[in-house]
Amino acid sequence: MRYSLGALIRNAFSGHTRWQPAWRDPEPKPQYDTIIIGGGGHGLATAYYLAKEHGITDVAVLEKSYIGSGNVGRNTTIIRSNYLLPPNTAFYEWSLKLWEGLEQDLNFNAMVSQRGVLNLYHSDAQRDAFARRGNAMRLNGVDAELLDREQVRELVPLLDFDNARFPIKGGLLQRRGGTVRHDAVAWGFARGADQRGVDIIQNCEVTGIRIENGKVVGVETTRGYIRAKRVGIAVAGNSSRVAAMAGLRLPIESHVLQAFVSEGIKPHIDMVVTFGAGHFYISQSDKGGLVFGGDIDGYNSYAQRGNLPIVEDVMSCAVALFPSISRVRYLRQWGGIMDMTMDGSPIIDRTPIEGLFLNAGWCYGGFKATPASGWCFAHTIATGTPHRLNSGFRLDRFATGHVIDEGGKGAVPNLH
Ligand SMILES: Cc1cc2nc3c(=O)[nH]c(=O)nc-3n(C[C@H](O)[C@H](O)[C@H](O)COP(=O)(O)OP(=O)(O)OC[C@H]3O[C@@H](n4cnc5c(N)ncnc54)[C@H](O)[C@@H]3O)c2cc1C
């Protein structure tokens, strides 16, 4: 069923009783060509692009809970491509281009909103670093504008310009950055993959990976053994656990990151704003809630919940930037588990086991990567070799020394 204005009107006349489920709920088959472990954004996008770009439709996505229960439905929805280093700039820019056409491609409203991402700077040295990053972006064909204090004031007048602990001196703006409704991304990719024949199997946890003669042959699950020629791991915060089932030890730590939503208020902040003197980012949802977050909790965990010290830290950053929201009540808060690599850049690669592929290490920035990650991982699985765009995201780079130390604007794990 295609979604359109006509379909909406037709269904309105029939009391909205004829909408079909957006995806099927199939029983797992005994064998698939390709199994993707993890029904988050990256796993679902991989299945979609395997079917769409490579014609591989004998695919199952195995999700231990319900789709969208992981980080894809827990993040603060920010998308951008304002990275410093070439492997990341090219990859994230391709992702942003895919976001720009995604809703038409999927025939699904993901509320892609290119409202702009503004990174504030608070010192001369930080301005120089931001100018360098903006220049690198522009040299790579990515949009970037360096703003002074008055230009920032015009865009976001409610920031504290007069009495701030860390005075605002300007900002680096990427107008094409913005936000996307996060769980719609999971639903849109799931529907698109399902329509092309992919089986999305929820409540099916992978508990083992079977390997014979150095080659993957299938996975053990809570719903029985399933054979497969190729298996892709895309389980974000659980990457180390699932890779360990194949005897792999990953250069990844799992950490908790929290997100917060306030009560709905009138339009207040119409772009994404990030603090340069602390780790804090904020935007306002279409329902009026302020959506914001800050630092990781700072200890290793596999629990999807956080602790109070970070709540206090994030709130103090919020009020330091926008004193006017000090009496707004925050409504909801939750945590997600992130897979942190030690250079802040991801891994999309083969593994030493034939037929086993790995997509991991997204730190706290993998939502914006979802389309490109799925696109590149699908290419890597289908062809057996990485695409040019993910050829730097190698698993062995920590052994060979080819790290991509994205201090520019990635996750910066060495600070934690
Ligand atoms: C609070 C928070 C805020 C964030 N904000 C942003 C942001 O603003 N912008 C941005 O770009 N990124 C952000 N991120 C990071 C981003 O959300 C993640 O990097 C990204 O979503 C990870 O990829 P995913 O969607 O595939 O992960 P997930 O949605 O976590 O998918 C992995 C799936 O694997 C499943 N799984 C795990 N183990 C198994 C198993 N054994 N068998 C079967 N299934 C299994 C899980 O249940 C899960 O559904 C944020 C993350 C958090 C937690």
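## Helix 2

Helix 2 covers residues 41-54, and its 14 residues reach 19 Å from first C-alpha to last, close to the 20 Å expected at 1.5 Å a residue (expected span: 1.5 Å times one less than the number of residues; helices are DSSP runs of H or I with at least four residues, strands are E runs of at least two, both numbered from the N terminus). This is a predicted model, where local features need pLDDT of at least 70 and side-chain atom pairs count only at pLDDT 80 or more, while totals for chains, interfaces and linings use all residues. Residues are numbered from 1 along each chain as its sequence is written.

Among the buried ones are His 42, Leu 44, Tyr 48 and Tyr 49. The buried residues pack against several elements, including strand 1 (31-37), helix 6 (182-195) and helix 9 (370-383). After helix 2 comes Gly 55, with a positive phi near 65°.

## Helix 9

Helix 9 also has 14 residues and reaches 20 Å from its first C-alpha to its last, close to the 20 Å expected. Here 12 of the 14 residues are buried, so helix 9 is largely enclosed by the rest of the structure. Trp 375, Cys 376 and Phe 377 are among those buried residues. Gly 384 follows helix 9, and its phi is positive too, near 80°.

## Where helix 2 meets helix 9

The axes of helix 2 and helix 9 come within 7 Å and cross at roughly 55° (axes are lines fitted to C-alpha atoms, for helices over the stretch in contact, and angles run from 0 to 180 degrees between N-to-C directions). That makes helix 2 oblique to helix 9 (under 35 degrees is roughly parallel, over 145 roughly antiparallel, 65 to 115 roughly perpendicular, the rest oblique).

The contact (C-beta atoms, placed from the backbone, within 7 Å) includes Tyr 48, Tyr 49 and Glu 53 of helix 2 and Trp 375, Phe 377 and Ile 381 of helix 9. By class, it has 10 nonpolar, 7 polar and 1 charged residues (nonpolar: Ala, Val, Leu, Ile, Met, Phe, Trp, Tyr, Cys and Pro; charged: Asp, Glu, Lys and Arg; polar: the others, Gly among them).

## Where helix 3 meets helix 9

Helix 3 (residues 86-106) packs on helix 9 at about 105°, with the axes 7 Å apart, so the two are roughly perpendicular. Helix 9 contributes Pro 371, Ala 372 and Trp 375, and helix 3 brings residues including Phe 91, Trp 94 and Trp 99. This contact splits into 8 nonpolar, 1 polar and no charged residues.

Technical notes
Buried ≥ 20, exposed ≤ 12 C-beta atoms within 10 Å, placed from the backbone. Contact = placed C-beta atoms within 7 Å.
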